[in-house]
Structures are given as C-alpha cells and as structure tokens.
Amino acid sequence: MHTIKASAGSASYEILIGNSFLHDALRRPEVSSAERIAVIVSARVDELHGEYVRRSLGDLRGRSVLLLMDDREENKSYAHAERFLEKFIAEKLNRRAIVIGIGGGVVGDFAGFCSGVYMRGIPVIHVPTTLLAMVDSSIGGKAAVNLTVGKNIIGLFHQPFLVVSDLHFLESLPAGEVTNGLAESLKHGIIGDNAALELLEGNGPDSLRRVEVISELVAASARFKSAIVERDEREAGLRSILNFGHTIGHAIESSMGYRGISHGQAVAAGIRIKVEVCRRMGLLSEAEAGRVNTVIQRYGLMPEGPDLDIDQVIRHMEYDKKNFGDAINFVLLAGLGNPRINQRIPIDVLKQVMVEMC
Ligand SMILES: NC(=O)c1ccc[n+]([C@@H]2O[C@H](COP(=O)([O-])OP(=O)(O)OC[C@H]3O[C@@H](n4cnc5c(N)ncnc54)[C@H](O)[C@@H]3O)[C@@H](O)[C@H]2O)c1
C-alpha cells in the first residue's frame, strides 16, 4: 500500500494506492464524519463491481445515496450536472455532506464539478477505476463539464479530500483503456518522472498487469503529478508541462472526428511526433528518442501509420487555445526530464515530421 501526501493551495489530502482495500479506506475519518454521502458510480462499474462497491460501503449505506451515472462523455455535461445537483437537494445533502465519485475520468470530473459548486463546495473523494484516472485525472483538482460547443468549458479547481486508487477495479479494464493510462504515465516519464519511465522500460504488457508492478507505476505517476500541482495549482506556468504531446494528440483526435483512434493512441502519436521534432532540433539525442520509441512500440501505444489528413491536423492545432501566430506554441524537451514551456516550432518542421511518420 502506498500513501502519498499531496497539497495544492490551502488543501492537503492523501492518495492511497492498494489492492482490494476500498472497504478499509472508507472507514477513514474523512468519510465516517460525513452526515450524508452521495456516491456517484459509473453505471458500467456498477455492472462489473456493484456488489464490491456495496460491500465496501457497508454500514455507511444508511447515510448514503447511490447515484448511477451513464458515463458517456456527452453526459459529462452542464445540463446533466444540474439534474444531479437537484438530486443532491432532494436527498437532503447539506454542507456536512460529501460526494464520492467511483469511475473513470468522466465520473471523476463530473463528481468534482458537482461537489465543487454545490453549496459553494462540499468535499469530494475520488475512487478512480481506470488507469488514466488513477495516474492522471483524479489528481490535481481540475473539475469540469462540457457544453455543446466544447469540452471542459465550465469548471473549477476543487481539490479532492481523499483519493482511493483501488487496483481491484483494473482487473476488468479493457486493453484499450489501459493504453490511455499508459500514454499518460509515459508522458510523465518523459517530462521528469524517471521512476515511471524506468518501470515502463523494465516491464512489458504482461508483467505490468501484476498488482505489485502496476501499483508502483500508479504511485510514481501520482507522486509526480501531485508534486507539479503543488508548485503550480492553477497552471500559471509549470503545470502546463503536463500538456506535453496533448496539443498534437487533441488535434489528431478532432481531425479524425474522434473515430478510429483512442485518446491514448492520439497522445502517444503526439508524444512520438514531438520527440522526433526535438531530436531534429538537436534538443534530444538519438538514444533518448530511441528510449521513448521503444516504450511506445513495446506497449503498442500508437496505431501503425494512422491515416491522417496532416493539413487538417495543423488547422485543428491552430484553433487550440494555447496557440497563436504562425508558429505553434509547445512544450519541448531539452533532454529527457527537462521540459521547456512556451516554445515555438515552425509549422514546416512539424509538418515534415508528420508527413514522414504518418
Ligand atoms: N481532471 C483532469 O485533470 C483530467 C485529466 C485527464 C482527463 N480528464 C477527463 O477524463 C475523462 C477520460 O477519463 P477515462 O479515460 O478514465 O475515461 P472514462 O471515464 O470514459 O472511462 C473509460 C471507459 O471505461 C469504463 N470503465 C471505467 N472503469 C472501468 C473498470 N474498472 N472496468 C471496466 N470498464 C471501466 C467506463 O465505463 C468507460 O466506458 C475525459 O472526460 C477527460 O476530459 C480529466
């Protein structure tokens, strides 16, 4: 069992990582002191692990209400949040109530948002059930919902009260969802989390499924991300290193209409392209780029030759709010573990790399 102490702004909380310990984690004072508990559970997780969740709640069930959420991305919406907030009122949640979100990043963002705005903010406990949510979205306090015009438009920073990463949930996680989490851990490994990079290099898809290995990876990523957030909660500067590979990844996903490529594959493609750009600019050595590419290949993170319309990918990048002017604003690497924010890449260099790689 790993216990990581995290803090951001005036909040401090613990991230617990272990196997099959949800029942014990829910006996902690952060939970047992609550008068009412709204448990927002992914309907899919409830199908797969409903009995485990109910057993773990045990005698807390008398004070809890279970609210199932169909966790499709389109339900992470402002309109859906309003319906859940009305349920909080109907269930008599007051300022001494807490929210527990059990699910992937969709449920985590949604539970974080609803708890953050309800009565000007009540505590939220995240129980992430996907690898991506364990290594990334449950940590750092970003909570947001979508509007029809765009993703994560309405949101706030609302740090969790506690994060419970129970690896038991990962047993049912499909391979594609594992890829999404591994891409984020690889990103951490490249921008400064040497422990995560070495773990990925020292293992393979099979050994990584072992609890003792995956718990080390989740702990390394959680430690790294929370340390970055501690230094820059509101993304005034440093925190934006966590966007490494994402500007290109998001542009690939949107240019393909979010079909035929997963988020993790798009991020891995973004990482691969960015690493090659850094190598050509003389910022990364051949050997460093080789280490990253080996991991991408070993875990099958990137689809072979995605069929990309490169001009369209570039156009999508130009729309991205982080970009401006005739060059695109990026996080670059001056060596593995040495990210530099607000760097510019001439579009023709980027285009050339994409033409050759995709
Ligand atoms: N707040 C942040 O800092 C942050 C960071 C990254 C991503 N996000 C958000 O996270 C979301 C993506 O999160 P995600 O990748 O976890 O996706 P997700 O929540 O959509 O979950 C992926 C799929 O896995 C299923 N699932 C969840 N747990 C499972 C389990 N244990 N076994 C089997 N199936 C399971 C879900 O039902 C869903 O179909 C996006 O909305 C994104 O915007 C937020």
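The model is predicted: local features need pLDDT of at least 70, side-chain atom pairs count only at pLDDT 80 or more, and totals for chains, interfaces and linings use all residues. Residues are numbered from 1 along each chain as its sequence is written, and side-chain values use heavy atoms, with hydrogens and water left out.

I then checked Leu186. Not counting residues up to four places away in sequence, Leu186 touches Leu197, Leu200, Ile271, Val292, Val295, Ile296 and Leu301 (contact means heavy atoms within 4.5 Å).

Next I took the domain interface. The C-alpha centres of domain 1 and domain 2 lie 27 Å apart. I found 24 residues of domain 1 in contact with 28 residues of domain 2. The two domains bury about 2,300 Å² between them, 66% of it on carbon and sulfur atoms (accessible area, 1.4 Å probe, that two parts lose on being put together, summed over both). In domain 1, Leu131, Val135 and Phe157 lose the most area to domain 2, together 24% of what that side buries.

Last, I looked at charge. Two salt bridges are counted between the domains (a side-chain nitrogen of Lys or Arg within 4 Å of a carboxyl oxygen of Asp or Glu). I also noted a salt bridge between the side chains of Asp136 and Lys225, at 2.7 Å, N to O.

Note on methods. Domain bounds come from an automatic or database domain assignment.
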